[in-house]
Amino acid sequence: MYHLTALVTLLAILFYFFTCINVARSRAKTGVKVPAMSGHPDFERAFRIQMNTLEWMPIFLPSLWLFAVYISDAIAAAIGAVWIIGRIVYFIGYSKEAAKRSPGFAIQGIASIALWAGALGAVVLRLV
């Protein structure tokens, strides 16, 4: 069973849901009406946070689960928690200004690469 990885997956989905709610709140606050995707810098940053999180989830989630299956549930969950922390740091920084998004992006990017590379290495080792 992969309880820890499942928990991290659910937390990642919860964080993504939070970013969706944040976009809706930002629309209301800034007056950007649906279907517009631009118009106020605060809204545009909130929207980019949501979309960037969505863009990374297809990289993060399969890598997380493959790492858990081939290496370790606990280690996958720990690295996955780092990914979520990185996304939170990204959210906080980018919400203030675009130039402050880099530390969080780096944290989540490194976590994703670690999961992907670990999973790839474990799969390759089992093939040879």
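Modeller: First the criterion: a salt bridge is a side-chain nitrogen of Lys or Arg within 4 Å of a carboxyl oxygen of Asp or Glu. Keep in mind that this is a predicted model.

Biologist: How many salt bridges does the structure hold?

Modeller: Three. In one of them, the side chains of Asp42 and Arg45 meet at 2.5 Å, N to O.

Biologist: Where do Asp42 and Arg45 lie?

Modeller: Both are in helix α2, residues 41-70. They sit three residues apart, about one turn of the helix.

Biologist: Is Arg45 buried or exposed?

Modeller: Arg45 is buried, because its relative accessible area is 15% and the cut-off for buried is under 20%. Asp42 has 33%, so Asp42 counts as partly exposed.

Biologist: Which residue does Arg48 meet in a salt bridge?

Modeller: Glu55, at 3.3 Å, N to O. Arg48 is partly exposed at 29% relative accessible area. Glu55 is partly exposed too, at 41%.

Biologist: And what about Lys100 and Glu97?

Modeller: They form a salt bridge, with the closest N and O atoms 4.0 Å apart. Lys100 has a relative accessible area of 42%, which means partly exposed. Glu97 is partly exposed at 39%.

Biologist: Switching topic. Which residues form the nonpolar patch on the surface?

Modeller: Trp116, Leu120, Val124, Leu125, Leu127 and Val128. Together they have about 700 Å² of accessible area.

Biologist: Where does Val124 lie?

Modeller: In helix α4, residues 102-127. Val124 is partly exposed, at 39% relative accessibility. Patch members need over 30%, so Val124 clears that cut-off.

Note on methods. Residues numbered from 1 in each chain as written. Predicted model: local features only at pLDDT ≥ 70, side-chain atom pairs only at ≥ 80, totals over all residues. Heavy atoms only, no water. Patch = residues over 30% accessible without salt bridge, like charges linked within 9 Å, V, L, I, M, F, W, Y side chains within 5 Å. Areas by Shrake-Rupley, 256 points an atom, 1.4 Å probe, with all protein chains shown as cover. Helix = DSSP H or I, 4+ residues; strand = E, 2+ residues; numbered from the N terminus. Buried < 20%, exposed > 50% of the residue type's maximum accessible area, 1.4 Å probe, protein only.
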